[in-house]
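Look at the fold below and keep it in view while you read. This short report walks through a few of its parts.

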Amino acid sequence: MWQASILTTCLAVLCLLAQGCSTVPVTGRRSLNLIPAGEELQLGLTSFEETKKGTPISKNRAANEQVQRVGKLVAQVASPDLPNAQWEFVVFESKEANAFCLPGGKVGVYTGLLPITRTDAGLAAVIGHEVGHAVAHHGAERMSEALMIQGGGELLKAGMSKRDPKVQEAAALAYGVGMKMGRELPHSRQQELEADQIGLIYMARAGYDPAEAIAFWKRFSEANGQAKTPPGVIERWLSTHPVNAERIKQLEQLLPKAREEMKKPAQ
Ligand SMILES: [Zn+2]
């Protein structure tokens, strides 16, 4: 506990100094971000290349077309909030129901998730949510916290170095992408709800009915209890994305505002 309170104090001081803070698009929250943008982008690009080397890429035409079609529309509306993005959408062949978006707009969707997303709108809910994490720089926020916990004060003074094992460790924890790593620091509850909020607005702006996000999360939750879902398929994403009453309630509350966004003409 003492460690947590020291951390909170440090974060508050850093924010007061107006350094290492950034504003989250859509929600306007001030968040801790000690990672230089170029460094974060580079970590995302490197991690994505490693994931592509280590995980088979799907050749399923329908799956690829759907992910490209939906991804392009979500990327269009998210681009103003992620101006340096190098958008890329890759379908990975895996039974696992999982998806991610790395810094720099590198998105991975696992084929195991597609029977649960089902429709373009369901997929837009997932991609919108994952892109929401990226535009809010949640990975950098977690990484900043991990660095602080590891006594990263000196490290930050000395400057970030990708080769420094502490930086690599923090990045691995924060982004947790490589299947090889087998561990992942989950997003905080606040980050999850924030990504839901951003994702809902993005999918609406992209032209999809935001109500489909609620339908997707309910299907995802049900899939967990179904005998026909092989063991291990949804555990990993479910562990970081618990479908609880709070999540559904927030989405329902935000629905009218998100539907307003649907009416806005494309920019
Ligand atoms: Zn999430």
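In strand β5, valine 107 is the bridge partner of phenylalanine 89. This contact belongs to a predicted model. Strands of a sheet pair through backbone hydrogen bonds, either parallel or antiparallel. Which sense do β3 and β5 use? They pair in the parallel sense, over 5 bridges. Strand β5 covers residues 106-110.

**The sheet**

β3 and β5 belong to an open sheet of 3 strands. The strand order is β3-β5-β4, and the pairing is mixed. The edge strands are β3 (88-92) and β4 (99-102), and each of them pairs on one side only. From one strand to the next, the twist averages 15°.

Two helices lie across this sheet. Helix α3 (residues 61-78) lies across β3 and β5 and runs at about 150° to β3. Helix α5 lies across β3, β4 and β5. Its direction is at about 35° to β4.

**The zinc site**

Which residues coordinate the zinc ion? They are His129 (NE2), His133 (NE2), Glu192 (OE), Glu192 (OE) and His241 (NE2). Glu192 is listed with two OE entries. The distances run from 2.0 to 2.7 Å. Along the sequence, the donor residues are spaced H-x3-H-x58-E-x48-H.

**Aromatic rings**

A pair of aromatic rings is described by the distance of the centres and the angle of the planes. How many aromatic pairs does a search of the whole structure find? It finds 12. Two of them are set out here.

| Ring pair | Centre distance | Plane angle | Arrangement |
|---|---|---|---|
| Phenylalanine 92 and phenylalanine 100 | 6.2 Å | 25° | stacked |
| Phenylalanine 216 and tryptophan 217 | 5.1 Å | 65° | edge-to-face |

Why is the pair of phenylalanine 92 and phenylalanine 100 stacked? Its planes are at 25°, and planes under 30 degrees apart count as stacked. For phenylalanine 216 and tryptophan 217 the angle is 65°, so the pair is edge-to-face, the cut-off being over 60.

Phenylalanine 92 has a relative accessible area of 0%, and phenylalanine 100 has 9%. Phenylalanine 216 comes out at 0%, and tryptophan 217 at 2%.

Phe48, Phe92, Phe100 and Tyr110 are linked by ring pairs into a cluster. Arginine 247 lies over the face of tryptophan 217, at 4.1 Å from the ring centre.

**A residue in helix α6**

Now turn to methionine 148. Where does this residue sit? Methionine 148 is in helix α6 (residues 138-149). Its relative accessible area is 17%, so methionine 148 counts as buried, the cut-off being under 20%. Methionine 148 and leucine 34 are 114 residues apart in sequence. In space, their C-alpha atoms are 9.6 Å apart.

Notes: Residues are numbered from 1 along each chain as its sequence is written. This is a predicted model: local features need pLDDT of at least 70, side-chain atom pairs count only at pLDDT 80 or more; totals for chains, interfaces and linings use all residues. Side-chain values use heavy atoms; hydrogens and water are left out. Donors are N, O and S atoms within 2.8 Å of the metal (3.2 Å for Na, K and Ca); water is not among the atoms, so sites may look incomplete. Rings of Phe, Tyr and Trp (its six-membered ring) pair if their centres lie within 6.5 Å; planes under 30 degrees apart count as stacked, over 60 as edge-to-face and the rest as tilted. Buried means under 20% relative accessible area, exposed over 50%, partly exposed in between (1.4 Å probe, protein chains only). A charge sits over a ring if NZ of Lys or CZ of Arg is within 6 Å of the ring centre and within 35 degrees of the ring normal. Two strands pair if DSSP finds at least two bridges between them. Helices (H or I, at least four residues) and strands (E, at least two) are DSSP runs, numbered from the N terminus. Axes are lines fitted to C-alpha atoms, for helices over the stretch in contact, and angles run from 0 to 180 degrees between N-to-C directions. Contact means heavy atoms within 4.5 Å.
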